[in-house]
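These are my notebook entries on a single protein chain. I set down what I looked up, entry by entry.

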Amino acid sequence: MFLPLIMRIDILTVLPKLLDGPFSASILKRAQDKGLVEIRLHNIRDYSTDKHKNVDDYQYGGGAGMVMSIEPIVTLIEKLKKERTYDEIIFMTPDGAILEQKTCNDLSLTKNLIILCGHYKGIDERIREHFITREISIGSYVLSGGELAAAILTDAIIRLLPGVLNNETSALTDSFQDNLLSPPVYTRPPEYRGWKVPDILLSGNFPEIEKWREQKALERTEKRRPDLLDN
Ligand code: ADE
């Protein structure tokens, strides 16, 4: 079956090496091999005009920590924007909006994305004001850089693209897709050290199994993530 390129993701980083790993195995690799998604890593340092190829500088007003400079990043973004239209230019940052499944669903329907990975103390605010369309955090903690966060965002988006997962329904039954956590799952053997798989799952009664799963999903969500049920 011929599946056309669905999405292109350009990732802007000073550490492309950090991202080689996550994109070269398993589902993300297969999605690229099938031609469903094209992921391009761009080294911001290649766009530095500084003689030492610096991409950061001291912050105005003083204070600890270097700031990523405006020029190399803008040169790179503008070069890419000349080549195609981007739906979003995303900045990975701990002060962004917390990543939720809904955001991944929305982004999976776009065609071209730029993801900018921050480093050091942050990026020159003018980049955020004039180029960034969305700022995303993967949680309330600080990483050494945005690369691992970008890998997480990319994974969460790509697995939703049609044709990426073998069983197309499986992304739809993920935890969070209906604001519920997933029910427990079991595989063979039916009994291990006296610990039994619930009888209902072995019954072959699919309407009852479905009811059981819904009940367990609800119980698990009430217990572990009651906040999901408020939405
Ligand atoms: N960069 C550093 N920490 C981050 C976080 N929590 N989310 C996204 N990008 C980050």
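**Entry 1: The whole chain**

I began with burial, and I found that 39% of the 231 residues in the protein are buried. I note at the outset that the model is predicted. I then looked up the secondary structure, which comprises nine helices and nine strands. For the extent of the protein, I recorded that its C-alpha atoms fill a box of roughly 70 × 45 × 35 Å along the principal axes. I also looked up how far apart in sequence the contacting residues are. Among the contacts with a separation of 6 or more, 76% join residues 24 or more positions apart.

**Entry 2: Helices α4 and α6**

I next turned to a pair of helices. Two packed helices are described by the angle between their axes and the distance between the axes. I looked up both values for helix α4 (residues 101-108) and helix α6 (residues 147-158): the angle is about 65° and the axes are 8 Å apart. Angles of 65 to 115 degrees count as roughly perpendicular, so α4 is roughly perpendicular to α6. The crossing of α4 past α6 is right-handed.

Which residues make the contact? From α4 I noted Cys-104, Leu-107 and Ser-108, and from α6 Leu-153, Ala-156 and Ile-157. By type, the residues of this contact are five nonpolar, one polar and no charged.

Is Ser-108 buried or exposed? Its relative accessible area is 11%, and buried means under 20%, so Ser-108 is buried. A polar atom of the Ser-108 side chain lies 2.7 Å from the backbone oxygen of Asn-105. Apart from residues up to four places away in sequence, Ser-108 touches Met-7, Ile-157, Leu-160 and Leu-161.

Gln-101 also lies in helix α4. With neighbours within four places in sequence left aside, I found Gln-101 in contact with Leu-160, Phe-176 and Gln-177. I also looked up a residue pair that includes Gln-101. Gln-101 and Leu-202 are 101 residues apart in sequence, and their C-alpha atoms are 32 Å apart in space.

**Entry 3: A serine in a loop**

I went on to Ser-48, in the loop between β2 (37-43) and β3 (56-58). Ser-48 counts as buried because its relative accessibility is 6%. Its side chain reaches the backbone oxygen of Asn-54 at 2.7 Å.

**Entry 4: Two glutamates**

I looked up Glu-135, which lies in strand β7 (residues 134-137). Glu-135 counts as partly exposed, because its relative accessibility is 26%. What does the side chain of Glu-135 make a polar contact with? I found the side chain of Arg-128 as its partner, at 2.7 Å. Arg-128 is also one of the residues that Glu-135 touches, along with Phe-91, Thr-93, Gly-96 and Ala-97, not counting residues up to four places away in sequence. The C-alpha atoms of Glu-135 and Ile-90 are separated by 5.6 Å, although these residues are 45 residues apart along the chain.

The other glutamate I looked up was Glu-71, in helix α3 (residues 70-83). Glu-71 counts as partly exposed at 44% relative accessibility. Between the C-alpha atoms of Glu-71 and Ile-127 the separation is 9.2 Å, and the two residues are 56 residues apart along the chain.

**Entry 5: Backbone angles**

Last, I looked at the backbone. Most residues other than glycine have a negative phi, and most peptide bonds are trans. I noted cases that depart from this pattern.

Ser-26 is not a glycine, yet it has a positive phi of about 60°. Ser-26 lies in helix α2 (residues 26-33), and it is exposed, because its relative accessible area is 53%.

Asn-179, likewise not a glycine, has a positive phi of about 60°. I located Asn-179 in the loop between α6 and β8. At 29% relative accessibility, Asn-179 counts as partly exposed.

Which form does the peptide bond from Arg-188 to Pro-189 take, cis or trans? I recorded the bond as cis, with omega near 5°. Pro-189 lies in the loop between α6 and β8 (191-192).

How values were computed. Residues numbered from 1 in each chain as written. Predicted model: local features only at pLDDT ≥ 70, side-chain atom pairs only at ≥ 80, totals over all residues. Heavy atoms only, no water. Axes fitted to C-alpha atoms, helices over the stretch in contact; angles between N-to-C directions. Helix = DSSP H or I, 4+ residues; strand = E, 2+ residues; numbered from the N terminus. Parallel < 35°, antiparallel > 145°, perpendicular 65-115°, else oblique. Left-handed = near helix turned anticlockwise from the far one by under 90°. Contact = heavy atoms within 4.5 Å. Nonpolar A, V, L, I, M, F, W, Y, C, P; charged D, E, K, R; others polar. Buried < 20%, exposed > 50% of the residue type's maximum accessible area, 1.4 Å probe, protein only. Polar contact = N/O pair within 3.5 Å; in protein donor to acceptor, adjacent residues only side chain to side chain.
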